[in-house]
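Here are my notes on this model, as promised. Have it open in your viewer while you read.

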Amino acid sequence: MENPLQIENHTFKEAIIRKRQPTRPRIGVFGVGYFKYWSQFDGLLDDMLCKQAVFIEKIEQMAHAELIDFGLIDNVQKAYDLVPKLNAANLDLIFCDMLTYATSNTFGTIIRNLNVPIVLVALQPDHAMDYTRASTYMQLYNDDICSLPEFAGVAARMGKKVPEMIIGTLHDDPQADAEIAEYCRIAAVLHDVRTSRIGHIGHPIEAMLDMHSDSTMFTAHFGAHIVQCEAHEIVTHYQHADPADIENMKERILDFFDTPEPVSDPISEKLRDSDLETAARVTVALEKFVEAKQLDGLAYYYEGPDNSETRTVMSNLIVGNSLLTGAGFPMCGESDLKTCFAMLIMERLGIGGSFAEFHPVDFKEGFVLVGHDGPHNVAIAEGKPVLRSLTKYHGKPGFGAGVEFKIKEGPITMLSINSTFDGKFKFVIAEGQSVEGSIPPTGNTNTRGFFKPDVRTFLQRWMKEGPTHHFALGVGHHASAIAKIAGYLNLDAVIIRED
C-alpha cells in the first residue's frame, strides 16, 4: 500500500526511537452473483471467480492486511451461512464484490446482522461494451452496478446506513484503485482505534474546560482503553537511564535537529548542553516507559513540585514526544485525550497528525498561523526541525528544549474531536493549504494556513461547529476519509464549507 506520507529524509528513521510496526487490519471479501445464471451461460461462473481473484489481488498489493476470502454468495442460504463466519472473523472492514446482478436476499441478512463497515465494490472488467458484438453474456459479465440500488434500498429497509460504494472498472482505473487503497487505510484506522492503549498522566489544565474527558467514553465510542499512568513511572526510568543510551540519543537528536542561533524572541537561546542532556535522558526514559506500559499514545500534563526532579522530567518531554509522535505514537500535551485520538487517526491514515491550535492571523496576506508549543509530528516537517532552548514555557512551569518547524507545504487537513452536550464525540474537519513563508522563531511549530473562502470567514465557520481549541494537523486533503471514519464509529462529523 502506497502511503500518502512519503518521508524522504533518511536521518528521520535514524533519529526516531522505535518505528511502530505497521497495522495489520483484518479485511474480509465476499462476492455476490445470481445462481440461476450459471446453468444458463456456460463459463460465466468461472469468469466471475476470475474477476473476484483480480480484485483480491489488488487489495493484497495495496494493503498490509490480513485478508480473508469468503468466496462467492449466490443464494439466500449461503448468505445465512456466511453471517456467523463474518462475525467470528473479527473483521475491521468488508468488501462486497458486486460481480454481476445479484438478488438482494444474498445481502439483506448479512447487513442486518453485522456491525462491521461494508463497502460495495462495482468494478466492471470492460470500460465499455463492444455494442457491435454485444450479447447477454457480455452484459452480465459487466453488470457490476446493476444491484447497487437494490442493495442500497434493502440496507435502508433493514435500518442500516446505505454502504459506501466504489464504482469504476476493474482494470486501468486509478480513481477506483485510490478509493480501494483509502478504504484499506480506513480499515487500519478502525483496527487501531478500537484496540489502542492510550496512556494518560495527570489531568488537563484545570482552566481549559474543553479539554476534560471521560475515559470510559473513549472505550464506549472508540473501543480503546485508557491506561492511567503515573508521572513517577517516567521519572524512575529517567533515574536509571543508561549513560551510553543517553550519549547515543544526544547524537541522534543533533543529527536530526538543527540548533541555530536565537533570532528575535528574548526567551529563546541556542540549544544549551544542559538542555540537550536532559532532553536525551528523558527521551531514553520515554522509550522504556512506552515499551513497559505497551502504549500506542500518551496524553499528559503534570507539573510536580517546584525545583523537583519530577518537574524537570515532566516539563522536558517535548523532544522525546515529538520523535515518538513521528514514529507513530501520538503524544499530546495539556492532557488532551481527544486530540490524541485525532492524531492517532491521522497517523494510521498515513497523513501525519501534529498537535496544533490557532495562533495570530495575518490579515495582510490572509492566513492564520497554525501550531503549538510542546510535542509535534516531526515526520511532516518542512525541512530540518529546529531545537531552541527556552528560558520559560509560556503559561506553564519549567524550561528546556523546544521544537520548532512548519508543516510540509501543500494541502493540509485539520481534525478536532470535541465532546457534545449529550456525551458523544463530534468530528470537526477542514481542509486548507500550507504555504511557504516566515514563521516566528519562538521554539514552537507554526505553519501558514490558508483557508477558503477567506481566513476570517473560515475561522467563523470553524468556531461555529464547537471544536476544541486543539486539533490534529495532517498533510494532504483527506476530509472525506475522516468523515467516513466518524460515520463508521457512529459519530457526527462536519466538514467546514469552503464556498
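1. Which residues does Phe427 touch, leaving aside those up to four places away in sequence? Keep in mind that this is a predicted model. The contacts of Phe427 are Phe222, Ile345, Leu415, Ser416, Ile417, Ile482, Ala486, Leu489, Leu491, Asp492, Ala493 and Val494.

2. Zooming out, Phe427 is one of the residues with the most contacts inside the largest nonpolar core, along with Phe95 and Phe222. That core has 56 residues, and helix H8 (residues 174–195) gives the most to it, with 10 residues. There's also a second, separate core of 41 residues, which includes Leu390, Phe451, Leu459 and Val475.

3. Val475 takes us to strand E18 (residues 471–475). Here 5 of the 5 residues are buried, so the strand is largely enclosed by the rest of the structure. Side chains in a regular strand alternate between the two faces of the sheet. In E18 both faces are covered: Phe471, Leu473 and Val475 are buried on one side, Ala472 and Gly474 on the other.

4. What does E18 pair with? Strand E11 (residues 352–362) is antiparallel to E18 over 4 bridges, with Ser354 partnered to Leu473. Strand E15 (residues 410–419) also runs antiparallel to E18 and is joined to it by 4 bridges; there, Thr413 has Gly474 as its bridge partner.

5. On cysteines, the disulfide count is 0. For Cys96, the nearest cysteine sulfur is that of Cys146, 14 Å away. Cys96 counts as buried because its relative accessibility is 0%, whereas Cys146, at 35%, counts as partly exposed.

Methods:
Residues are numbered from 1 along each chain as its sequence is written. This is a predicted model: local features need pLDDT of at least 70, side-chain atom pairs count only at pLDDT 80 or more; totals for chains, interfaces and linings use all residues. Side-chain values use heavy atoms; hydrogens and water are left out. A nonpolar core is a set of buried Ala, Val, Leu, Ile, Met, Phe, Trp, Tyr and Cys residues joined through side-chain atoms within 4.5 Å. Buried means under 20% relative accessible area, exposed over 50%, partly exposed in between (1.4 Å probe, protein chains only). Helices (H or I, at least four residues) and strands (E, at least two) are DSSP runs, numbered from the N terminus. Contact means heavy atoms within 4.5 Å. A disulfide is a pair of cysteine sulfur atoms within 2.5 Å. Two strands pair if DSSP finds at least two bridges between them.
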